[in-house]
2 protein chains.
Amino acid sequence: MNIYDISKRAGVSIATVSRVLNDSPHVSPATRQRVMAVINDSGYVPNAFARGLGLNTMKTIGLLCPDASDTYQSQALAYLENAFRSRNYDCVLSCTGKTLEARTTGVEQLKSRHVDGMVLMGSSFIENNDKDNDYIRQAAKSVPLILLNGSFACERVYCVLCDDQRATMEAAQHLLDTGCKRILYLYHSKNYSGRKKLAGYRAALKNRGVELDDELLCYFDQDKMSVLDVRDHLLEMEKKGVSFDAVLASEDSLAIGAMKYARAAGKRIPEDMSVVGYNNSSFCLFTEPELTSVDNKLKAICDHIVETMMGVLEGKEMPQKTVFTGEVVLRQSTRK
Amino acid sequence: MNIYDISKRAGVSIATVSRVLNDSPHVSPATRQRVMAVINDSGYVPNAFARGLGLNTMKTIGLLCPDASDTYQSQALAYLENAFRSRNYDCVLSCTGKTLEARTTGVEQLKSRHVDGMVLMGSSFIENNDKDNDYIRQAAKSVPLILLNGSFACERVYCVLCDDQRATMEAAQHLLDTGCKRILYLYHSKNYSGRKKLAGYRAALKNRGVELDDELLCYFDQDKMSVLDVRDHLLEMEKKGVSFDAVLASEDSLAIGAMKYARAAGKRIPEDMSVVGYNNSSFCLFTEPELTSVDNKLKAICDHIVETMMGVLEGKEMPQKTVFTGEVVLRQSTRK
DNA sequence: GGAAATGATGTAATCATTTACACGCTTGTG
DNA sequence: CACAAGCGTGTAAATGATTACATCATTTCC
């Protein structure tokens, strides 16, 4: 069942059927109705590949993320998918994992699929060694790219992000301003956004005249950052004699690990120790006490990404970089 | 840059280029090498739409889920996407929400995209009123469908699921066998899987000779089931004089709501009240005490879905329904 | 040495659309 | 009344691959 069958049944040419299908104004109402009737009762569905060939697009956006099961990324996926869908674009998912090689092939695959645009989630797509970013420059030549929470200057690459440095700084300052003296900083990423957050932590100390103690910087490897890993690591630190009265984490799950530690070590939150997370995930409400966390405006970022993509695809001039301001959401794990 | 350009540059016909691209054995090594060289230094990428038109497939699977931000569904998405990708299939995502209409159009859209197969996540895709399932029967005519945790008898519809009834029964029996007398049952779904779980709860009571008290069946509406909603609802029940010494939930987040309630009501877990969740989500470890939960073998289910899909696409005969057995993972929220 | 088999390559049909262009008919205008 | 404009429609040329079939050269076998 193809457009030719329909045209025969309706007694018109295939061009006319095509016009009806594409809502062209150059069809008389009577003809349109007749063709529509035939289409409806034949159950005909236009062939998407032929259409794609003719129009050179199948209205598809590629969504790349390291791990779709991660709370933050899956939230972003949901936002993006919905917004793109409402604009009649479908999304192809590519969960590439963390290795450079996998990301590169992920991007290549989507390119060979002729997607109209790509969204790269998380600054881990940008390598610290600039030479490794060639795959992005390469891809950007044939397709517009938007980075979620990443920063990269290149033609046809757009960036939408949260000012993680400022948000982290405010979180740390809030801890200092509520009487905390020694803030343990838990982080898990050394890429763009990870560096910005760390810089925010440092800036806060500087602003409040507190000296940085390197002992308080606590890095966790991607595959060694479960709540239990964190708990155990902090217990270890305590044993070693490192003292702290607050924890600031670059991600909520790390903060929850810190809360686990507090329970194990018999410390009360926030009386003996304050805790602040990052991302303001849904499970900030799961814990007891509820977790103070940084809302980094994911919804707004996603909405703006979709806007930007649509603009670019329509050939409009769009801002290369848009920055949103995060916000510390105060809950029970920090003092007043 | 198309196949014709390549053929000219390499001094061969387009058929030969196509053969090289498709790893056909009917090409001499010398020619293959020459063509590959041209392809590599021209940066040529075959046009996916033309290819799709010729082969009548773009190796794409449609993944439908109500909400990609849900922990369970995003976990499934990640498993499925990875397994399909490793078999050279891309996944198109469609988060349809909960209304029948949205699901119907979601399925239609993917059908019109000519996906090779579709995976429908969650039994909420199956309506209790059978007439509303016509959209599934319709879609199954043109594309193989696999239901994750759903059950539906229809040609070209395959089902892969966990025996939720049995798993729930075992969870409830464990509660009864460890001294609990009155188990509050929290649930949020009345579709297939929801009914099975409830039946499991009932069966457990029957097996242990405990009479069912309807007061202990506690339903939560989809948009009124946050941890705080649950906590408040249980506080309310306590005020009304409903007594219980255990909570069995049809989903982990409901169980966490019950733990919130325990904290608010000053009850100790598991001494005063046991709690069991369902899905064995990653955040079962986040809570204090850690949450006993039912592992419903999502990974195995997803792997089997992908196997089944591949078999079907290769024209093999595949089992219509495969059932896995869940397992109660004992942690600290239940007694020994 | 000639028939047959094999192997590499090219020719051209096919896939199902979109769309530029052409054509004829009606209507409006000077 | 002639001519232009516009509208509805059809014809046919793209779009860029795959692949059945034909062709030609080479080897194999009797």
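## Backbone and phosphate

A backbone N or O atom of A:S28 lies 3.1 Å from a phosphate oxygen of DNA strand D. This comes from a predicted model. Chain B makes a backbone approach too: a backbone N or O atom of B:N47 sits 2.6 Å from a phosphate oxygen of DNA strand D.

A side chain also takes part. In A:T16, a side-chain N or O atom is 2.8 Å from a phosphate oxygen of DNA strand D.

## Around DNA strand D

How many residues surround DNA strand D? There are 27. The closest are A:R19, A:T31, B:I3, B:S18 and B:Y44. Now look at the DNA side. Of the atoms of DNA strand D that come within 4 Å of the protein, 64% belong to sugar and phosphate.

What kinds of residue form the surface near DNA strand D? It has 13 nonpolar, 11 polar and 3 charged residues.

## Where the chains meet

Next comes the contact between the two protein chains. Chain A gives 46 residues to it, and chain B gives 46 residues. Together they bury about 4200 Å². Carbon and sulfur atoms give 59% of that area. Three residues stand out in chain B: B:F49, B:R113 and B:F286. They supply 19% of the area that chain B buries against chain A, more than any other three residues.

## Charges and polar pairs

The interface of chain B and chain A holds 6 salt bridges. In one salt bridge, the side chain of B:K260 meets that of A:E290, at 3.6 Å from N to O.

Which elements of chain B each supply at least two residues to the side that touches chain A? They are helix 4 (48–55), helix 5 (71–86), strand 2 (90–95), helix 6 (100–112), helix 10 (227–239) and helix 11 (252–265). The residues on that side of chain B divide into 19 nonpolar, 15 polar and 12 charged.

## Strand beside strand

Strand 2 (residues 90–95) of chain A is joined to it by 3 bridges. The two strands run antiparallel. Within this pair, A:V92 stands opposite B:V92.

Methods
Residues numbered from 1 in each chain as written. Chains lettered and ligands numbered in written order. Predicted model: local features only at pLDDT ≥ 70, side-chain atom pairs only at ≥ 80, totals over all residues. Heavy atoms only, no water. Contact = heavy atoms within 4.5 Å. Buried area = accessible area lost by both parts, 1.4 Å probe. Salt bridge = Lys/Arg side-chain N within 4 Å of Asp/Glu carboxyl O. Helix = DSSP H or I, 4+ residues; strand = E, 2+ residues; numbered from the N terminus. Nonpolar A, V, L, I, M, F, W, Y, C, P; charged D, E, K, R; others polar. Pairing = 2+ DSSP bridges. Near = heavy atom within 4 Å. Polar contact = N/O pair within 3.5 Å; in protein donor to acceptor, adjacent residues only side chain to side chain.
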